[in-house]
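Take a look at the fold below. We will go from the surface to the overall outline, and then to a group of rings.

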Amino acid sequence: GILDGVSDAGDTYAIHAGMTGTFDQFKLRAALAAGGSTFTTDQSSYINGLISAEGSFDMFKIAASAEVLSLTDAAGNRTTGYGFGGSVGATVTDGVTFNLGGRYFGQ
């Protein structure tokens with residue numbers, strides 16, 4: 001396996017990393033996750049990435065995101081999906097904010 005040198009069905013791994021950067025009224029976020037199996041008869045794995053941006057302007061806020069997901073099953077068959085999203089918000093008065101958002105994910 002990964003640490004003991006003996007290969008068995010429990011030999012899997014998963015990692016995740018992310019970051020956020022704030023620049024005045026803008027925010028950028030990114031994340032990456034990956035995992036899979038190191039067992040010789042199991043070739044399953046995945047990778048998932050996400051990036052988003054947000055801007056705040058007086059009483060408006062605008063955001064957009066994109067992501068990708070790639071999966072490989074135990075037999076080695078790969079499928080890939082992707083998605084996009086967006087939202088807009090407006091502060092009408094103190095304590096009242098309207099938000100509208102949407103998302104698409106396809107394979």
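Accessible areas here come from the Shrake-Rupley method with a 1.4 Å probe. On that basis, the surface of the protein comes to about 7500 Å². Carbon and sulfur atoms account for 62% of that surface. Keep in mind that this is a predicted model. Buried residues make up 19% of the 107 residues.

Now follow the chain. The protein has 6 strands and 0 helices. Its pattern along the sequence reads β-β-β-β-β-β. The radius of gyration is 20 Å, while the globule rule gives 13 Å for 107 residues, so the protein is more spread out than a compact globule. Along the principal axes, the C-alpha atoms fill a box of roughly 60 × 30 × 20 Å. Consider the contacts between residues at least 6 apart in sequence: 33% of them join residues at least 24 apart.

Charge comes next. The protein carries 5 positive and 10 negative side chains. The centres of these two sets lie 9 Å apart.

Finally, turn to the rings. The whole structure holds 3 aromatic pairs. In one of them, the ring centres of Y82 and Y104 are 6.2 Å apart.

Key
Residues numbered from 1 in each chain as written. Predicted model: local features only at pLDDT ≥ 70, side-chain atom pairs only at ≥ 80, totals over all residues. Heavy atoms only, no water. Helix = DSSP H or I, 4+ residues; strand = E, 2+ residues; numbered from the N terminus. Rg over C-alpha atoms; globule rule 2.2 N^0.38 Å. Buried < 20%, exposed > 50% of the residue type's maximum accessible area, 1.4 Å probe, protein only. Contact = heavy atoms within 4.5 Å. Lys, Arg positive; Asp, Glu negative; His and termini not counted. Charge placed at Lys NZ, Arg CZ, Asp CG, Glu CD. Phe/Tyr/Trp six-rings, centres within 6.5 Å; stacked < 30°, edge-to-face > 60°.
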